[in-house]
Amino acid sequence: MKYRKFGHLDIQTSILGFGAMRLPTIGHEETNIDRAQAIAMIHYAFDHGVNYIDTAYGYHGGQSEVLVGEALQGGYRQKTYLATKLPVWLAQHSQDFDRLLHEQLERLKTDWIDFYLLHALTRERWYQVRDLGVLEWAEKKIAQGVIRSLGFSFHDHLPAFKEIVDAYHWDFCQIQYNYMDQDYQAGKEGLLYAAPKMAVIVMEPLRGGRLTNPPDPVREILAQAPAPRSYTEWGLLWVWNHKEVTLLLSGMSSLAQVKENIAIAAKAEVGMLTQTELELIERVKEAYLKIKAIDCTECRYCTPCPQGVDIPRNFALYNEGVRYNFNFEAPRWAYHHEMPPEERAENCIQCGTCEEKCPQNLPIMELLRKAKEVLQ
Ligand SMILES: NC(=O)c1ccc[n+]([C@@H]2O[C@H](COP(=O)([O-])OP(=O)(O)OC[C@H]3O[C@@H](n4cnc5c(N)ncnc54)[C@H](OP(=O)(O)O)[C@@H]3O)[C@@H](O)[C@H]2O)c1
């Protein structure tokens, strides 16, 4: 295993962190973790040099923290950096911080959390917990040794990211980053902005697994690589290629994946991908982006919709599902959690105002019906 210095802290963490969000389950039931298999996977990772594990209050309906607590028994707790997250959306009053942390310590069977994150910050959520005094509370917990360092994970736009980065002397942040998301959320600009100030942890390096099963046009491009690599290897090495990345989290869901990702980590070096390989990945990105069912150019001539529907955004989500082998899980999540209700396709009343304005002559009303079917 390889290690990198953790931002301004005087510690080294493994470049591969174990993400405990996609543990194997029995019968496709999220809360029913296959304990024996999950513990075997985590122990294999720890025994092969992984020293960082990431969980959260909500993963597997609360059972991920319980499982991780179990896996850390038998001497592993002392050797491992444990990260978990405050579910900021459940904190309505300042007393909630203590209540939630206490519950987490019990689940995790530990007296301290090495890396505590404010989970999935958006600007709005940040203002809410900031105004409830979360930083003052966390500083008290740090002084008591219950929390060792403080960071945040992030799911909003770049300006909000920069604002949160600048609002406090954080030890670390966690951002979604992979070769398809260079301009999404914090993106590359966010990575470069935060890295001089704190450790940066990358989540979703394989876009939740979507990059491991690419469509044919992408396969054809990667087949032209000077040295063959697996699809997983391309995804992970591309992230580790950045000197600004401290570690990446992989949500491994089988022992085979743990073994493969540890083997890939052994090869990883900053700047190891050649110019030819980086250009190949850019071509891969272009090929992915060309795959779309709706040829919307996002010119926004169709807006404003009298009902407030954000037509290009609904089409972008539809195209995203098509792009990743008709997997609509992530677009559906974004539809329900990131879009204000009035902007969703389901609010279209089929008045047709938009169709008169679309320079591409798209049958917008019919396409919104289709988008609604898969996204709702
Ligand atoms: N703080 C936040 O807001 C937040 C949000 C998202 C994630 N996270 C954290 O970040 C971690 C990483 O994110 P992620 O789980 O989305 O990471 P990811 O690496 O992008 O996706 C994980 C998925 O990739 C596939 N995969 C991994 N290794 C593979 C291999 N060797 N071969 C084939 N497929 C492979 C698996 O998919 P299959 O299961 O389909 O095989 C696995 O479930 C999470 O586990 C979680 O701890 C945090």
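**Figure 1. Domain 1 and domain 2 of the predicted model.** The centres of domain 1 and domain 2, taken over C-alpha atoms, are separated by 31 Å in this predicted model. The domain assignment places domain 1 at residues 3-281 and domain 2 at residues 311-375. Four residues from domain 1 and four residues from domain 2 make up the contact. On the side of domain 1 that touches domain 2, the classes are one nonpolar, two polar and one charged.

**Figure 2. Lysine 370 in helix α16.** Helix α16 covers residues 364-375 and contains lysine 370. Lysine 370 has 16 other C-beta atoms within 10 Å and is therefore partly exposed, since a residue counts as buried at 20 or more and as exposed at 12 or fewer. Alanine 345 is 25 residues from lysine 370 in sequence, and their C-alpha atoms are 9.0 Å apart in space.

**Figure 3. The shell around the ligand.** The ligand is surrounded by 27 residues, of which Gly19, Ser153, Met203, Gly209 and Gly251 are the closest. By class, 14 residues of this shell are polar, eight are nonpolar and five are charged. At least two residues of the shell come from each of β6 (113-121), β10 (247-250) and α11 (255-267). Helix α11 gives the largest share, three residues.

**Figure 4. Helix α10 and its surroundings.** Helix α10 is largely enclosed by the rest of the structure, because seven of its ten residues (231-240) are buried. The buried residues of α10 are Trp234, Gly235, Leu236, Leu237, Trp238, Val239 and Trp240. They pack against the strands β9 (199-203) and β10, and against the helices α9 (216-222), α11 and α12 (275-290). Two of these elements, β10 and α11, also supply residues to the shell around the ligand.

Figure 5. The 14 residues of helix α4 (residues 95-108) reach 20 Å from the first C-alpha to the last, close to the 20 Å expected at 1.5 Å a residue. Phe97, Leu101, Gln104, Arg107 and Leu108 are the buried residues of α4. Seen down the helix axis, the buried residues of α4 fall within an arc of 120 degrees, so they line one face of the helix. An α-helix has 3.6 residues a turn, so residues three or four places apart point the same way. On the other side of α4, the exposed residues are Gln95, Arg99, His102 and Glu106. The cover over the buried residues of α4 includes α2 (63-71), β5 (81-86) and α6 (134-143). Lysine 109 follows α4 and has a positive phi, near 50 degrees.

**Figure 6. Glutamine 104 on helix α4.** Glutamine 104 lies in helix α4 and is one of the buried residues of that helix. Glutamine 104 counts as buried because it has 22 C-beta neighbours inside 10 Å, where the cut-off is 20 or more. Apart from neighbours within four places in sequence, the contacts of glutamine 104 are Tyr57, Glu65 and Thr84. Tyrosine 3 is 101 residues from glutamine 104 in sequence, and the distance between the two, C-alpha to C-alpha, is 28 Å.

How values were computed:
Residues are numbered from 1 along each chain as its sequence is written. This is a predicted model: local features need pLDDT of at least 70, side-chain atom pairs count only at pLDDT 80 or more; totals for chains, interfaces and linings use all residues. A residue is near a molecule or strand if its C-beta atom, placed from the backbone, lies within 6 Å of it. Helices (H or I, at least four residues) and strands (E, at least two) are DSSP runs, numbered from the N terminus. Ala, Val, Leu, Ile, Met, Phe, Trp, Tyr, Cys and Pro count as nonpolar, Asp, Glu, Lys and Arg as charged, and the others, Gly among them, as polar. Two residues are in contact if their C-beta atoms, placed from the backbone, lie within 7 Å. The expected span of a helix is 1.5 Å times one less than its number of residues. The arc is that of the directions from the helix axis to the C-beta atoms. Domain bounds come from an automatic or database domain assignment.
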